[in-house]
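Welcome, and thanks for opening the viewer. Keep your selection tool ready, and we will walk from stop to stop together.

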Amino acid sequence: MAEEGDLSPNLLGAEEAKHGSGDFVAPDGLCWMSVLVCLMLACSYVGSLYVWRSDLPRDNPAVIKRRFTSVLIVSGLSPLFVWAWREFTGVRTGSSLLALMGIRFEGLIPAVVLPVLLTMVLFLGPLMQLAMDCPWSFIDGVRVAFDPWFWMLCFSDMRWLRNQVVAPLTEELVFRACMLPMLVPCAGPSTAIFICPLFFGVAHFHHVIELLRFRQGTLSGIFLSAVFQFSYTAVFGAFTAFIFIRTGHLIGPVLCHSFCNYMGFPSISTAMEHPYRLTILSSYLLGVFLFFFLLFPFTNPSYYGLPTPVCTLTSSPSSLCLS
């Protein structure tokens, strides 16, 4: 097998892929292969949730535990899809496979802190509302956060473990860390940001199966819910894809995903009926404004090590990959 950095012939029968003095040539047929492998990944991830036959709903602890097993196996094998794609297409870069997938140490601390802060800014309104309605004082909240028993209860709750740990980690690994290195070479960073979330959004349509199966709502209501969830997850997927490309780290998207799962979709209707709605709605608007104002400064690639590994897979410089 060829070592990292070596030039190998394109097995699809076109030009060779290279990464020498910073230029990259995409082999012919690369896009078709990339989309095909991404589709296989998405189907494998969703399919792993249904290998277990059960008449119980998805939130049942026994169902969650079984799905943990299958989805962790698929996620653990997902880097092999990227490796096979790279070997078959002959694409070579100076970065290791793990680095391309955002698993590296350079720029790790800012990758942990800055994307989460940016996401919290976006949720300034919901956080303000949560703080106003919370019966705890700030000191009480700090005490709970440092209480080992609190975290033991969290990790013993299967739903919490799924929503805050397993789903963010496995979904970001499969749908961002594995797919973006395959989509960026053929589509470029900017286009890949909007293509990648389509796989993520469509993958969430499987919830419709369970809603229909357990008759949780009318047919039209379930359909509208599915359309809304697809739209929301696609927009969120574009955001975490942006974070991944700009920072070159997996940890940032995972933490942002976990935070968003905890917060849920902002309840504008509740904010409109709140006694302090003017303050809360002002916080919503301020949060959105600050989010777009800080979006590029907080994800400046110079904080995370230039160039980010995934950006070495593009044939022409992109503004997303520059500070």
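Is Glu172 buried or exposed, going by its relative accessibility? Select it and look: at 0% relative accessibility, Glu172 counts as buried. Here buried means under 20% relative accessible area, exposed means over 50%, and partly exposed lies in between, with a 1.4 Å probe and protein chains only.

Before moving on, a word about what you are looking at. This is a predicted model, in which local features need pLDDT of at least 70 and side-chain atom pairs count only at pLDDT 80 or more, while totals for chains, interfaces and linings use all residues. Residues are numbered from 1 along each chain as its sequence is written, and side-chain values use heavy atoms, with hydrogens and water left out.

**Stop 1**

The term salt bridge stands for a side-chain nitrogen of Lys or Arg within 4 Å of a carboxyl oxygen of Asp or Glu. Both residues belong to helix 8, and because they are four residues apart there, about one helical turn separates them. Helices (H or I, at least four residues) and strands (E, at least two) are DSSP runs, numbered from the N terminus. As background, an α-helix has 3.6 residues a turn, so residues three or four places apart point the same way. Arg176 is buried too, with a relative accessible area of 0%.

Keep Arg176 selected and show Phe200. The charged end of Arg176 sits over the ring of Phe200, 4.3 Å from its centre. For a charge to sit over a ring, NZ of Lys or CZ of Arg must be within 6 Å of the ring centre and within 35 degrees of the ring normal. For a second example, select Arg67 and Tyr50: Arg67 lies over the face of Tyr50, at 5.0 Å from the ring centre.

**Stop 2: a salt-bridge network**

The structure holds six salt bridges. Select Arg58, Asp59, Arg159 and Arg162, which are linked in a network of such bridges. Within it, the side chains of Arg58 and Asp59 meet at 3.8 Å, N to O. Asp59 also forms a salt bridge with Arg159, where the closest N and O atoms are 3.9 Å apart. Arg58 is partly exposed at 29% relative accessibility, Asp59 is partly exposed at 30%, and Arg159 is partly exposed at 44%.

**Stop 3: aromatic rings**

How many aromatic pairs does the structure hold? There are 14 aromatic pairs. Rings of Phe, Tyr and Trp (its six-membered ring) pair if their centres lie within 6.5 Å; planes under 30 degrees apart count as stacked, over 60 as edge-to-face and the rest as tilted.

Select Tyr45 and Phe175. Their ring centres are 5.5 Å apart and their planes stand at 75°, so this pair is edge-to-face. Tyr45 is in helix 1 (residues 30-48) and Phe175 is in helix 8 (residues 158-178), 130 residues apart, so the pair links distant parts of the chain. Tyr45 and Phe175 are both buried.

Next, select Phe150 and Trp151. The centres of these rings are 5.1 Å apart and the planes are at 75°, so this pair is edge-to-face. Phe150 is partly exposed, at 32% relative accessible area, and Trp151 is partly exposed, at 35%.

**Stop 4: helix 4**

Move to helix 4 (residues 108-122). Pro110 is found in this helix, and its C-alpha atom is separated by 9.1 Å from that of Thr299, 189 residues apart along the chain. Pro110 counts as partly exposed, at 23% relative accessibility. Val113 is also found in helix 4, and counts as partly exposed at 39%.

**Last stop: helix 12**

Finally, select helix 12 (residues 219-247), with 29 residues. Just after helix 12, Gly248 takes a positive phi of about 70°.

Conventions. The expected span of a helix is 1.5 Å times one less than its number of residues.
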